[in-house]
Amino acid sequence: MSATAAEKAVVIYSGGMDSFTILNKAQQDGYELYALTFDYGQKHSKEIEFAKRVCAELDIRHKIIDITAINQLLQSSSLTSDKDIPEGHYEAANMKSTVVPNRNMILLSLAIGYAVDIGANKVFYGAHSGDHAIYPDCRPDFVHAMNKVAKLANYEPVDIVTPYLDSDKIEILADGLAMGLDYGKSWTCYNGRDKACGKCGSCVERLEAFEKNNATDPLPYETA
């Protein structure tokens with residue numbers, strides 16, 4: 001999907017590998033990009049620094065929005081509380097503790113408002129099939145319903161664009177590697193320490209994607 005001349009688009013850009021791929025894909029497709037990164041009190045706030053550096057390098061307009069106040073309402077997730085981050089694959093039941101209630105509806109609502117404000121008619125975000133088992137707000141039904149809402153909520157309709165909705169992390173990485181992307185510029189680990197832990201669901205899925213693509217992850221890990 002290529003942009004028309006100077007077509008504006010908002011990208012919800014966490015700094016993780018999925019949104020990193022989408023950001024670069026949308027830029028290569030010719031959109032005039034406005035990246036939004038949300039600080040919602042996530043333990044892995046290190047991803048925000050990665051997002052900041054990438055946007056500066058690509059000369060993309062970038063806003064980091066502090067919405068940490070929502071943590072007064074959302075304390076059930078291990079990503080935003082003192083609960084331990086679970087280890088293992090995303091498909092395991094214990095990964096449900098990483099769900100932040102209604103997160104993507106909140107982030108999309110803000111991004112859609114921003115898009116209307118700046119005259120953009122698209123919002124990109126990184127829902128993909130690998131998240132469908134655990135995260136309801138990454139599933140096709142949610143995305144399609146939100147897309148209908150985005151066309152009704154304002155006088156100016158906005159499209160929610162999810163290029164990888166039916167792709168898994170392995171396919172996303174394959175696409176990014178084909179674009180020549182350096183994934184050392186993305187951060188995935190849910191434990192925002194100096195090195196990636198290699199054990200949380202996010203790390204396990206990322207490492208699996210690199211293995212299946214016969215590639216080496218450039219990020220340093222605490223474990224081999």
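**Entry 1: helix α2**

I started with α2 and found E47, I48, F50, A51, V54 and C55 buried there. These residues span an arc of only 160 degrees around the axis, so they sit on the same side of α2. I kept in mind that this is a predicted model.

Next I looked at what that buried side meets: its residues pack against α1 (17-28), β2 (32-39) and β3 (61-66). On the face turned away from the buried side I found the exposed residues A56 and E57.

I also checked the length. Helix α2 (residues 46-58) has 13 residues and reaches 19 Å from first C-alpha to last, close to the 18 Å expected. Just past the helix, I noted that D59 takes a positive phi of about 60 degrees.

**Entry 2: salt bridges**

I then turned to charged pairs, and the count came to ten salt bridges. I picked out three of them to follow.

My pick to begin with was E7 with K122, whose closest N and O atoms are 2.9 Å apart. E7 lies in the segment before β1 (8-12) and K122 in strand β4, so this pair ties together parts 115 residues apart in sequence. Both residues are buried.

D18 and K169 also meet in a salt bridge, at 2.9 Å from N to O. I traced D18 to helix α1 and K169 to helix α5, 151 residues apart.

Finally, I looked at R193 and E222, with closest N and O atoms 2.8 Å apart. R193 is in the loop between α5 and α6 (201-212) and E222 in the segment after α6, so the pair joins parts 29 residues apart in sequence. R193 is partly exposed at 41% relative accessibility, and E222 is partly exposed at 40%.

Notes
Residues numbered from 1 in each chain as written. Predicted model: local features only at pLDDT ≥ 70, side-chain atom pairs only at ≥ 80, totals over all residues. Heavy atoms only, no water. Helix = DSSP H or I, 4+ residues; strand = E, 2+ residues; numbered from the N terminus. Expected span 1.5 Å × (residues − 1). Buried < 20%, exposed > 50% of the residue type's maximum accessible area, 1.4 Å probe, protein only. Arc of directions from axis to C-beta. Contact = heavy atoms within 4.5 Å. Salt bridge = Lys/Arg side-chain N within 4 Å of Asp/Glu carboxyl O.
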